[in-house]
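Let's take a walk through this fold together.

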Amino acid sequence: MASRSTGFNSGLDIGKSYYVATANPAPDHPALAGDVEADLVVVGGGCTGLSAALHAAERGLKVVLLEGGKIGWGASGRNGGQMIPGLRKGARSLVKAFGPERAKALFDLAFEARGLVLDIIERHGIECDLRQTGHLVGAVSSSDVRDFEEEAECLAKVMNFTDVEILSAAEARQMVDTPYQGAVFERLGGHMHPLNYTLGLARAAVAAGVVIHENSVAVRLEREPSIRVFTDKGSVRARHVVLAGDALLKGLEPRVNGRIMPVGNYIVATEPLGARNVIPSNAAVSDTLFVVNYYRMSADGRLLFGGGERYTPSPPADIAGFVRPHMEKTFPQLKGCRIDHAWGGLVSITTSRLPHVGHYGEVYFAHGYSGKGVILSTLSGKLLAEAITGDASRLDLFSTLTPLPFPGGTALRGPLYVLGMLWYAMRDRLRH
Ligand SMILES: Cc1cc2nc3c(=O)[nH]c(=O)nc-3n(C[C@H](O)[C@H](O)[C@H](O)COP(=O)(O)OP(=O)(O)OC[C@H]3O[C@@H](n4cnc5c(N)ncnc54)[C@H](O)[C@@H]3O)c2cc1C
């Protein structure tokens with residue numbers, strides 16, 4: 001697999017990632033050549049696109065999926081692998097924005113993502129190092145602990161959800177060997193090998209009849225007289241299109257483009273730590289910083305640590321050197337340990353940190369999970385397939401989350417937003 005490292009979505013050293021080094025064998029899919037017809041054409045071979053394709057094919061549609069590079073080499077195959085139920089915004093924010101009834105409906109729908117992913121993994125026998133060991137959020141200040149308590153109260157009262165536990169500093173330390181002020185432990189979280197999950201999803205889609213073309217960048221979308229998606233070597237004419245290119249989609253559909261912004265985010269995998277394991281609970285862990293640190297142990301005992309974002313277009317020249325200080329600040333006991341893999345990816349964020357999901361006529365889209373898309377993307381794909389095959393009720397509910405566009409449109413969203421983000425990043429440094 002590592003030899004296939006050139007192409008559309010191979011930037012930020014994905015070819016050197018821990019995931020590519022430990023990927024399950026997967027077939028290559030030929031590029032599109034010539035003009036073909038289908039019921040549905042999907043642009044993007046990450047979890048959103050593959051799930052939409054799988055669920056549409058299971059409902060009897062003829063589906064062609066175009067992937068510009070390799071399947072899974074977008075965010076889906078290079079992320080932290082943290083399976084965190086729910087949305088990036090908490091229960092109180094949802095209640096404030098939508099009122100208790102709609103907030104609960106949205107919460108319940110988003111929560112389905114977890115069961116759906118577990119079911120797909122089981123049904124299709126996907127080997128992806130699944131660990132249902134929970135997700136812990138460590139508080140970097142005592143005000144965060146009060147915040148956790150209020151959130152837990154709202155979860156219980158409005159969402160009827162009690163699968164969270166507030167931990168003292170000492171209890172948190174038993175689970176992860178770094179001094180947090182306290183923590184919230186979400187029992188239903190966990191982690192997995194995201195590239196192997198995505199490759200498994202692709203295998204399931206193909207078994208359901210989906211035709212996948214890799215190295216097939218969609219360069220133009222024609223809407224009239226009917227949907228037609230062009231690559232440089234062919235086209236797919238179809239009744240519907242799903243745009244699932246997330247941070248890499250760029251200008252294919254201007255109406256969706258201005259609502260997401262790509263932000264570079266970086267991860268390292270240490271050498272296997274053996275007895276120096278820093279997460280005895282094996283939970284997935286993140287903290288309360290604005291530029292969040294997130295980490296977990298891999299199946300072979302490495303610490304996979306994500307930390308540090310960069311708002312300028314160019315990636316750091318030395319990704320390992322960029323992430324290491326964040327890791328060593330959290331775990332001084334790992335100072336100097338070997339880093340075997342370092343890579344990055346683009347997180348697509350929205351102004352509200354809630355996903356942008358919906359459709360314009362027969363042009364369907366879902367993206368902008370804002371760093372919480374490992375399981376949500378599979379659900380979004382299913383909702384798109386449901387809508388395309390006649391039941392839009394759940395997609396319509398999800399599309400009420402639609403975030404505001406970035407101020408200044410695509411041209412200015414970068415500079416204006418960067419200023420805001422840098423301010424928050426600076427505030428992190430004062431808190432931690
Ligand atoms: C470094 C990093 C860490 C993360 N960690 C976590 C985490 O721990 N937990 C969590 O919940 N979320 C995490 N996320 C977010 C999560 O990975 C994403 O939200 C999710 O994978 C998005 O899936 P997707 O299918 O929508 O997009 P992607 O997986 O990016 O797939 C989009 C695909 O579309 C293709 N494409 C784009 N444009 C075109 C085109 N014109 N023609 C053809 N193909 C095209 C791309 O090549 C790509 O393969 C992280 C993201 C990153 C980058």
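What follows goes from the sheets to the ligand and then to a few local details.

A word on ground rules before we start. This is a predicted model, where local features need pLDDT of at least 70, side-chain atom pairs count only at pLDDT 80 or more, and totals for chains, interfaces and linings use all residues. Residues are numbered from 1 along each chain as its sequence is written, and side-chain values use heavy atoms, with hydrogens and water left out.

Start with the open sheet of eight strands, whose order is 6-7-5-15-16-17-14-18 with mixed pairing. Strands here are DSSP runs of E with at least two residues, helices are runs of H or I with at least four residues, and both are numbered from the N terminus. Two strands count as paired if DSSP finds at least two bridges between them. The edges belong to strand 6 (164–168) and strand 18 (339–349); each has a single partner strand, so one side of each is left without a neighbour in the sheet. From one strand to the next, the twist averages 20°. For such angles, axes are lines fitted to C-alpha atoms (for helices over the stretch in contact), and values run from 0 to 180 degrees between N-to-C directions.

Now look at the strand 18 end. Strand 14 (residues 261–270) pairs with strand 18 in the antiparallel sense, over ten bridges. If you want a landmark there, Tyr-266 stands opposite Gly-344 in strand 18. Helix 8 (residues 319–330) packs on this sheet and touches strand 14, strand 16 (294–297), strand 17 (303–310) and strand 18, where contact means heavy atoms within 4.5 Å. The direction of helix 8 makes about 110° with that of strand 17.

On to the other sheet, an open one of six strands in the order 9-3-2-13-20-19, again with mixed pairing. Strand 9 (211–213) and strand 19 are at its edges, and since each has a single partner strand, one side of each is left without a neighbour in the sheet. The twist averages 15° from one strand to the next in this sheet. Helix 2 packs on it, touching strand 2 (40–43), strand 3 (63–66), strand 9, strand 13 (240–243) and strand 20; the direction of helix 2 makes about 170° with that of strand 3.

Tyr-360 has Val-363 in strand 20 as its bridge partner.

So what surrounds the ligand? Of the 38 residues around the ligand, Thr-48, Glu-67, Gly-68, Ser-76 and Ala-218 come nearest, with a residue counted as near if one of its heavy atoms lies within 4 Å.

Polar contacts are pairs of N or O atoms within 3.5 Å. An oxygen atom of the ligand is 2.5 Å from an N or O atom in the side chain of Ser-76. Ligand nitrogen atoms also reach the backbone, with 3.0 Å to a polar atom of Gln-82 and 2.8 Å to one of Ala-218. Taken alone the ligand exposes 1,000 Å², and the protein buries 97% of that, with areas from the Shrake-Rupley method and a 1.4 Å probe.

Finally, some local backbone details. The peptide bond from Glu-224 to Pro-225 is cis, with omega near 0°; Pro-225 sits in the loop between strand 10 (220–222) and strand 11 (227–230). Asp-13, in the segment before helix 1 (18–21), has a positive phi of about 60° although it is not a glycine.

Technical notes: Polar contact = N/O pair within 3.5 Å; in protein donor to acceptor, adjacent residues only side chain to side chain.
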